[in-house]
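Please look over the sequence and the structure shown below before reading the briefing. The points that follow are grouped by topic.

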Amino acid sequence: MSLIYYNSVDILHSTSTLALQKYITQCPSLDNFKKVFNFFAANMAFCDRSGAIKIPINMQILDFCKLPAINSVNYNYEELCLERAKQLFDRAKKGNKKIAVLYSGGIDSTLILVSFFKILTAAEIQEYITVLLSEESILENPSFYKKHLIGLVKDIRPSYIFRHLIGTNRYILVTGEGNDQLFGSAIIRKLILSKDESVMHAKMSKKLLVSQLKLDLKDDPFTERLAEILWKNKEAAPIEISTVFEFYWWLNFSCKWQSVYMRVLAYLDEDSQKNLKLEENYTAFFTTSEMQIWAMKNHHHLIGKKWKNYKQLCKEIIFKFNDDRDYLDNKLKLGSLVNIIKNKPSATYITDEINYYYSSIPNEYFNNTNDFV
Amino acid sequence: MSNKKLSFYGHIRKQVPFFLNKKTHAIFDRDTGRILFLTNYIDTVNAFKYFANTSHLYNIRKKVRAMPPNSSLTANRAYNFSLDLSQGGLKETDNQIIETKVKNMAEQKKFRILRNKAALLDLVYSHISSIRAAMFGSVYGQQIVYVLKHIEAIHVLRTSQDDKLSSEPWSFPFLNSYANLKKISLEQAAREVQIKADISITKLAENEELRLKYTALIVQAGTTQELLDIYYQFEKEFKLYGQL
């Protein structure tokens, strides 16, 4: 019995004192495991798909979330995006469905729409593309909204309806998840703020990791042990991980992949839960095997000298289409999912049979043979 | 009385700003005439009607201000309505608010749970208010401008293409000025307004659903432990789920 998603806030956050105590009684290693979330983020389903780190929760890695073997990739990143758009369009056309893109105005979702706009005719865009957006989406990329969205897309709807969409059986919901994991990690930004930008290209060491963990864990006695555990993940990587940037990129790429794929689904309404078919009526755009292999083969070149260059390649593709110099030069990464998931009930866990639960996790989903004992 | 229960009230109350110079409502227990709670939210008063034998008095601030400085509740710290529950209570008379002793443990227990409920309701409403405040313009009357603009947009978009749309400036005054300023057609202006209105309506509807859900949960809660669970759920949905 295993899970494909768990809500770490419900299970491990200290606000749930009574629930947390109950869980720790069932599985004592959760007491150490909860410290992972001080380092990453409160709300994530940490799970190492490389298999190096064993956690106290029995998780199943979905087939399409498994780490791909490193084969050759014959396309560049821009071509991979176009290929992906074509693949999704073919699927939508065949299934007589519309593609609903969860658009925030940020780099990832703008790139999705640019990819569709490049391969589809105006008539196809009108017939097959739905854009889900919020007030923040318009403000985040005003030129794209004015120049392209309002003119090209007939079906523009509020992003808040994403929870209900899959239940209608007329849409394939597409998110921009996965691109952060292809290109880097938000944890690096924390590190840059505490040091400076040059730290990204410094050689990674266990000592640096311990010092970083100490800041987040406030000298918790488990700090050194956690550093050892995370270091194991680096050692097991199929590619050479040497710099600070690469280290955090790999952690994100290997340990947060399934979490970001699944997280938006935790908020679906009941009809959408029943109707959900992973990779059929829901997918994350940047999660193809080819894109992952591309990232693993190019991981030495994912970032320029400055943090401002984060996802520069994506911004250049957008610039070629939208010609917005300000967006190219100054657009920084902003978390946007928070705007639509906040204030909504989340499933506590989702099982491998895609059943949603809002109650405590039963004992059988925990194990005490893991790295956090 | 355990410290834990007192701290629940104190913890919640500290998070909700109370303004004595704004509309101040007092909720009274009908049986004893004692004041249970002061609040700035008429919604809290309305919710109380459904779960307690209470009455309501609007704008009690003068009497609160007139209380003696050494009383359990003074004007300066009115927001912190944390009386010593083992001893004190408040009662309103014709001219002033006076302190009275709580009679027995049963009464004390009843007051405590009602105060905790009211405090949690105030917290929920203050969060919901902050979300709604961010959605609407702060310029006086702007909300009605948005509504009128939306009504015009619906009219323009529903007009069949065969019908000639009146382009007189006074036909659609809000939309026309918007379209002229942005140098776009009336139809495009209508579409832009419709999209923004759809976003606001959906967001507001979700927000209202949340308000109804938490009001019902709090009204139905029977113990402080249940209120604590509701508070944790609220904290998670409002804050922690967003820490991605």
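This is a predicted model: local features need pLDDT of at least 70, side-chain atom pairs count only at pLDDT 80 or more; totals for chains, interfaces and linings use all residues.

**The open sheet of chain A**

- Three strands of chain A, in the order β1-β7-β8, form an open sheet with antiparallel pairing.
- Strands β1 (3-6) and β8 (356-357) of chain A stand at the edges with a single partner strand each, so one side of each is left without a neighbour in the sheet.
- The antiparallel pairing of β1(A) with strand β7 (residues 349-351) of chain A runs over 3 bridges, and within it Tyr6(A) stands opposite Tyr349(A) of β7(A).

- Not counting residues up to four places away in sequence, Tyr6(A) touches a set of residues including Ile11(A), Phe33(A), Phe37(A), Met44(A), Phe46(A), Ile57(A), Tyr349(A) and Ile361(A).
- As general background, nonpolar side chains tend to be buried together in soluble globular proteins.

**The interface of chain B and chain A**

- The two chains bury about 2,700 Å² between them, and 58% of this area is on carbon and sulfur atoms.
- On the side of chain B, Ile199(B), Tyr241(B) and Leu244(B) lose the most area to chain A, and together they account for 27% of what that side buries.
- The interface holds 2 salt bridges by the rule applied, one of them being that between the side chains of Lys236(B) and Asp10(A), at 2.9 Å from N to O.
- Between chain B and chain A, 10 residue pairs are in polar contact, with both residues at pLDDT 80 or more.

**The enclosed strand β2 of chain A**

- In strand β2 (residues 98-102) of chain A, 5 of the 5 residues are buried, so the strand is largely enclosed by the rest of the structure.
- Both faces of β2(A) are covered, with Lys98(A), Ala100(A) and Leu102(A) buried on one side and Ile99(A) and Val101(A) buried on the other.
- Strand β2(A) pairs in the parallel sense with strand β5 (residues 171-175) of chain A over 4 bridges, where Val101(A) has Val174(A) as its bridge partner.
- Strand β3 (residues 129-133) of chain A also runs parallel to β2(A), joined to it by 4 bridges, and here the bridge partner of Leu102(A) is Leu132(A).

**Ser109 of chain A**

- Ser109(A) lies in helix α6 (residues 107-119) of chain A and is buried, with a relative accessible area of 3%.
- Leaving aside neighbours within four places in sequence, Ser109(A) is in contact with Leu102(A), Tyr103(A) and Ser104(A), and its side chain reaches the backbone nitrogen of Ser104(A) at 2.9 Å.
- Ser109(A) and Thr175(A) are 66 residues apart in sequence, while their C-alpha atoms are 7.1 Å apart in space.

Notes: Residues are numbered from 1 along each chain as its sequence is written. Chains are lettered from A and ligands numbered from 1 in the order in which they are written. Side-chain values use heavy atoms; hydrogens and water are left out. Two strands pair if DSSP finds at least two bridges between them. Helices (H or I, at least four residues) and strands (E, at least two) are DSSP runs, numbered from the N terminus. Contact means heavy atoms within 4.5 Å. Buried area is the accessible area (1.4 Å probe) that two parts lose on being put together, summed over both. A salt bridge is a side-chain nitrogen of Lys or Arg within 4 Å of a carboxyl oxygen of Asp or Glu. A polar contact is a pair of N or O atoms within 3.5 Å; within protein, one must be able to donate a hydrogen and the other to accept it, and residues adjacent in sequence count only if both atoms are side-chain atoms. Buried means under 20% relative accessible area, exposed over 50%, partly exposed in between (1.4 Å probe, protein chains only).
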